[in-house]
Amino acid sequence: MKRFVFDRSLCVLLALSFFAVAGAAQAANGITVLHSFNYADGQYPEGRLVQGNDGAFYGTTYAGGADGLGEIYKVTADGTFTILHSFVGDDGESLNSGMLLGGDGNFYGTTPQTVYCHGSSCSGYGGTVFRMAPDGTFATLYTFTNYQIGSQPGPLADGFDGLFYGLAAQGGSADEGIAYSAAPDGTFSALNSFDGANGGLPYGALAKGSDGNFYGMTSVGGSYNKGTAFRMTPAGVITTLHSFSGGNDGGSPYGSLVQGRDGRWYGGTSGGGSGGAGTVFAMTADGNVTTLHTFNGGDGTGPVGGLVQGSDCNLYGVTSGGYQGYGTLFRLSPEGRVMTLHLFSPQDGTAPVSTPIFGSDGRLYGTTNYYGGAPGASGSVYAFDLAAPQTPELHLTKTCLNEFYICFKPFNTGVGQPVRLDWASANVSACRASGAWQGARPTGGSYTFAPAKPDAFLYRIDCTGPNGHVSAQTTLTVIL
C-alpha cells in the first residue's frame with residue numbers, strides 16, 4: 001500500500017496570516033462564554049453555528065423558546081443575543097442540524113420533526129425544510145408528510161448548482177433513510193434510498209468534493225452493520241467507499257466528512273477503536289481509510305459532528321465525553337498528532353455535540369448542551385481563542401472497583417481488589433508516571449490494577465506542553 005505523505009509547506013503562509021488575525025482577541029485560557037441559555041431563550045443548542053454576512057453567528061436550539069419547541073437565534077462576537085424565530089410545531093420542532101448561508105444571503109435549514117395533522121391524526125415525525133432571512137422572516141419550503149419519501153432530515157449542503165442537498169435519517173423504501181435535493185423555492189426531489197447494504201440511518205451532512213460529487217456517512221449498515229462512508233453523484237447514485245467494522249477503523253459514525261487541503265476526507269466515529277471510545281480517520285477518494293487517532297476515554301469519548309480545518313492545516317473537533325463526561329476540544333494534525341486544547345466544565349458548558357466553526361476573527365465558535373455557570377442554564381455558545389496562552393491542565397482520580405471499599409475512606413482498598421486510575425489533560429504533549437507506577441503514559445487514559453500488598457502507594461504523573469509543566473498525584477492506602 002502506498003504511504004500517504006502530507007505536504008505541510010502548503011499551510012505555512014496561511015497559518016502566519018491566520019494567527020496574525022487571531023491574536024487580536026484573547027480570553028482567559030482561550031475560552032469565553034458568549035451566551036448561556038435559560039430555557040425561555042432556548043435549550044440545548046445542538047445545531048452547528050453559521051456566520052452571517054453581518055459577522056454575527058446564527059444557530060438553532062432543540063427545545064426552549066416561546067413554545068418550548070426550539071428556536072433560531074443570533075449572537076454576536078461580543079455576546080449580544082437575539083431570538084429570531086420560535087417554532088410552534090407545524091413549522092417544525094426539535095432542531096439539531098443548524099443552518100447554512102445561501103448565496104442569496106438567506107439561511108436554510110431543516111427541522112427533524114413537525115406536528116403534522118391529517119384529519120384527526122397528528123404525527124410528531126416528518127420534518128421540514130425552511131428559509132429564514134437575516135431579520136427573522138421565516139418560510140417553510142417543504143414538509144415531509146410521506147414517510148416513504150423520508151423523515152427526520154439532517155443538515156443541508158450547498159450544491160452550488162442552485163440546489164441544496166441533504167440526508168434524512170429515516171423513511172424511504174427500506175426505512176433506512178434517503179438522500180434528497182431541495183430548491184430555494186421548495187421544489188423537492190428524493191434522489192435515492194438507503195437499504196442497509198449501502199448504509200442506513202444517515203445523521204450527518206453531505207459535503208461536496210472537489211470532484212463535484214458528494215461524500216457522507218451512515219451510522220449503521222454496510223458489511224458489518226457499523227456504518228459506511230459513501231460517495232454520491234448529484235443525480236443520487238451512491239457508491240459505498242468503506243464499511244466500518246467497529247474495530248480499529250471505528251464504528252457508528254454520526255457526523256459529517258470534511259475534505260482537507262490534501263484532498264483526503266476527514267471524519268470521526270462515535271465508537272470502535274481499541275477502547276470503544278471512537279476514532280478520527282482520513283479517507284482517500286477511493287475509500288482507503290487510515291485511523292489517525294483512537295480515543296481512550298481520558299482524552300475524550302465519542303467525537304461528534306465532524307471536523308473543521310484551520311488555516312494552519314490542522315483539524316479541530318469536539319468529543320461529547322471525556323474528563324468527568326464533560327467533553328473536550330481537540331486539535332488533530334493531518335499526520336495524526338492529537339492535542340486536547342480544552343476540557344469542558346460546568347463553568348463554560350459541557351457535552352458539546354456540534355462541530356465548531358472558524359469565525360472571521362480566527363476564533364473557534366461552538367455550542368454545548370449543558371451549562372452550570374448560571375442557575376437554570378441549559379447550554380451555551382462559546383468562543384475559543386487559539387492565540388491565547390494555553391495553560392497546561394491535568395487531573396488524576398482513583399476509583400475502587402468493588403463493593404467492600406470506598407476510595408475516600410481512611411483506607412482505600414484491600415489486597416487483590418481492583419482499582420482504576422483515570423487522568424485527563426489539556427495543552428500537554430507528553431506524560432510520564434512515577435512512584436508506584438512508572439513509564440511514559442498517554443496524555444489521557446485509565447489504568448486498572450489490583451494491589452498485591454498492603455501499604456500506602458503514591459501515584460504521580462507529570463506532563464509537559466508548549467507552555468510549561470503540570471503534575472498531579474494521589475495516594476492509595478491498601479490493607480490486608
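In strand β21 (residues 265-269), Trp-265 is the bridge partner of Gln-259, and two bridges in total join β20 to β21, the two strands running antiparallel. Strands here are DSSP runs of E of at least two residues, and helices are runs of H or I of at least four residues, both numbered from the N terminus; two strands are said to pair if DSSP finds at least two bridges between them. The model is a predicted one, in which local features need pLDDT of at least 70 and side-chain atom pairs count only at pLDDT 80 or more, while totals for chains, interfaces and linings use all residues. Residues are numbered from 1 along each chain as its sequence is written, and side-chain values use heavy atoms, with hydrogens and water left out.

The strands β20 and β21 belong to an open sheet of four strands, whose order is β20-β21-β22-β23 and whose pairing is antiparallel. Its edges are β20 (258-259) and β23 (289-294), each of which pairs on one side only.

Looking at the chain as a whole, one finds one helix and 38 strands. The radius of gyration, taken over C-alpha atoms, is 23 Å, close to the 23 Å that the globule rule (2.2 Å times the number of residues to the power 0.38) gives for 480 residues, so the chain is as compact as a globular protein of that length. Along the principal axes, the C-alpha atoms fill a box of roughly 75 × 55 × 50 Å. Of the 480 residues, 56% are buried, where buried means under 20% relative accessible area, exposed means over 50% and partly exposed lies in between, with a 1.4 Å probe and protein chains only. If one takes the contacts (heavy atoms within 4.5 Å) between residues at least 6 apart in sequence, 49% of them join residues at least 24 apart.

A second open sheet of four strands has the order β12-β13-β14-β15, again with antiparallel pairing. Here the edge strands are β12 (151-158) and β15 (188-193), each pairing on one side only, and the twist from one strand to the next averages 25°, the axes being lines fitted to C-alpha atoms (for helices over the stretch in contact) and the angles running from 0 to 180 degrees between N-to-C directions. Within this sheet, β13 is joined to the antiparallel strand β14 (residues 178-182) by five bridges, and Tyr-165 stands opposite Ser-181 in β14.

Aromatic rings give another way through the fold. A search of the whole structure finds 29 aromatic pairs, a pair being two rings of Phe, Tyr or Trp (its six-membered ring) whose centres lie within 6.5 Å, with planes under 30 degrees apart counted as stacked, over 60 as edge-to-face and the rest as tilted. One of them joins Tyr-108 and Phe-164, whose ring centres are 4.4 Å apart and whose planes meet at 35°, so this pair is tilted. The pair links distant parts of the chain, since Tyr-108 lies in strand β7 (residues 107-111) and Phe-164 in strand β13 (residues 164-170), 56 residues apart. Tyr-108 is buried at a relative accessible area of 1%, and Phe-164, at 6%, counts as buried too.

The rings of Tyr-316 and Phe-358 have their centres 5.5 Å apart and their planes at 85°, so this pair is edge-to-face. Because Tyr-316 lies in strand β25 (residues 315-321) and Phe-358 in strand β28 (residues 357-358), the pair ties together parts that are 42 residues apart in sequence. Tyr-316 is buried, with a relative accessible area of 1%.

The strands β28 and β29 pair in the antiparallel sense over two bridges and form a hairpin with five residues between them, in whose turn Gly-362 has a positive phi of about 90°. Five of the five residues of β29 (residues 364-368) are buried, so the strand is largely enclosed by the rest of the structure. Leu-364, Gly-366 and Thr-368 point one way from β29, whereas Tyr-365 and Thr-367 point the other way. Five bridges join β29 to the antiparallel strand β30 (residues 380-384), in which Phe-384 is the bridge partner of Leu-364.
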